Amino acid sequence: MKTRETTRLSRTQVAIIGAGPAGLLLQQLLHVAGVESVVLEQRSRAYVESRIRAGVLEQGTVDLLDRIGVNARMRREGLVHGGFSLVADDDRFRVNLRDLTGGMNVMVYGQTEMTKDLIEAAELRGTPVIFEAEGVALHGVDGDRPFVTWRKDGQEGRLVCDFIAGCDGFHGVSRQSIPQRDLTTYERVYPFGWLGILADVPPCDHELIYANHERGFALASMRSETRSRYYLQAPMDVNLADWPDERIWDELAVRLGPAAAANMRRGPSIEKSVAGLRSFVAEPMRWHRLFLAGDAAHIVPPTGAKGLNLAASDVHFLSEALLAYYGSGSTNALDAYSGRALKRIWKAERFSWWFTGLTHRFPDTDAFSRRMQIAELDYIKESRAAQVTVAENYVGLPLS
Ligand code: APR
Ligand code: PHB
């Protein structure tokens, strides 16, 4: 994208740090309501557009994309899923999301694709995104005139703003700019990772399959009808050289069960990586004129695909609060932002933690605890009440 001269971008209403889903969505939510913003991103556009992330959108996230009019390709190419399957030792059952929630679905559409659509919208709408902004630093956040500085092409940029939205992910500069004494953090790091592969083969089922197997968790997911995404629970220090594609396919076939194995099409991986699992929350999500949103404030383990959707609900709340401020001058909604967002975040943290505990093998998973997992899965299979609980969390709790 063509970036403008930094001097022309010296003043805006909201400076947004980070061009992930949180930052890009926030920019468009503000733009459609007439509020100006500039996004500052440390990476290149090509890097941001090729990052492989999760791919399940809750109804509320789809609604936001509809509302900002960045939905055409998602509506065309996204796959609407009305359910998913759970497997325990080859015993498989379907959670019928649509039926259990009174008509709600999820949309399978890669975060990578959504990010490309948002960047394209920013380009077409003339909402500035500055890529390759090095050394982004926040200043005067606890005063009346905050500003952000960065370097690009040997020049220093300086952007004066009313507010800063810290949408720069877990490792970003925004949360780190808040004095430690003013933040409380909660964390759990899981003693394993997910080994993921992407392959241009049709998925083994029309919906996702989450499996609890004696040998560890497995997930069959997809990006399209011709592109599959699979995961295996694996030690964090796993050596990818020990996992050639054939070994991964063999292990997936065992863990996902015979029905999935029978339909599984194998093919060369086009991406292979290991990611850690973590639960993390930093509160409050506001420090004076800085507001955190998305991974900058919280992380969930990927079981249940809540990370992207939480980023979307945060920026929904934050955009409402900023628009209320610009509409009436009242700071009430901005003051309420952190509390409102955290109420939903903690419930998604709970669901992701619970779903991870139900489906993974932990170092202390002895015969008894595994029996407990299997009994719980069997209970979910047989109880509509239990399935309703799973389904309403999976499709996403209300954005209220
Ligand atoms: N300056 C500018 N940009 C930065 C900085 C910095 N110091 N640090 C990080 N960034 C950028 C990253 O390069 C990235 O593009 O901020 C962006 C943050 O994006 P994400 O990590 O995708 O986080 P977020 O937008 O909150 O999206 C939610 O939750 O579970 C995940 O997969 C899900 O990535 C999704 C995320
Ligand atoms: C994915 O497709 O990458 C995916 C799907 C569901 C999850 C996690 C990841 O719970």
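Which polar side-chain atom lies 2.8 Å from an oxygen atom of ligand 1? In this predicted model, the atom belongs to R51. The backbone also takes part in the surroundings of ligand 1. A polar backbone atom of P21 is 3.2 Å from an oxygen atom of the ligand. A backbone N or O atom of Q42 lies 3.2 Å from a nitrogen atom of ligand 1. On its own, ligand 1 exposes 710 Å², and the protein buries 89% of that area. Two elements, helix 1 and helix 10 (307-328), each give two or more residues to the shell. Helix 10 provides the largest share, with three residues.

The shell of ligand 1 holds 24 residues. E41, R51, R53, Q111 and D295 are the closest. By class, the shell comprises 10 nonpolar, eight polar and six charged residues.

For Y210, a polar side-chain atom lies 2.7 Å from an oxygen atom of ligand 2. For R223, a side-chain N or O atom is 2.8 Å from an oxygen atom of ligand 2. G304 contributes through its backbone: an N or O atom there lies 3.0 Å from an oxygen atom of the ligand. Ligand 2 has 280 Å² of accessible area on its own, of which the protein covers 99%.

Helix packing was examined next. Two packed helices are described by the angle between their axes and the distance between the axes. Helix 1 spans residues 21-31, and helix 6 spans residues 111-125. Their axes come within 10 Å and cross at roughly 40°. The crossing of helix 1 past helix 6 is left-handed.

Helix 1 gives two or more residues to the shell around ligand 1, and its axis comes within 10 Å of the axis of helix 6.

Definitions and conventions:
Residues are numbered from 1 along each chain as its sequence is written. Chains are lettered from A and ligands numbered from 1 in the order in which they are written. This is a predicted model: local features need pLDDT of at least 70, side-chain atom pairs count only at pLDDT 80 or more; totals for chains, interfaces and linings use all residues. Side-chain values use heavy atoms; hydrogens and water are left out. A polar contact is a pair of N or O atoms within 3.5 Å; within protein, one must be able to donate a hydrogen and the other to accept it, and residues adjacent in sequence count only if both atoms are side-chain atoms. Accessible areas come from the Shrake-Rupley method with a 1.4 Å probe; for residues, only the protein chains shown count as cover. Axes are lines fitted to C-alpha atoms, for helices over the stretch in contact, and angles run from 0 to 180 degrees between N-to-C directions. Helices (H or I, at least four residues) and strands (E, at least two) are DSSP runs, numbered from the N terminus. A crossing is left-handed if the near helix is turned anticlockwise from the far one by less than a right angle, and right-handed if clockwise. A residue is near a molecule or strand if one of its heavy atoms lies within 4 Å of it. Ala, Val, Leu, Ile, Met, Phe, Trp, Tyr, Cys and Pro count as nonpolar, Asp, Glu, Lys and Arg as charged, and the others, Gly among them, as polar.
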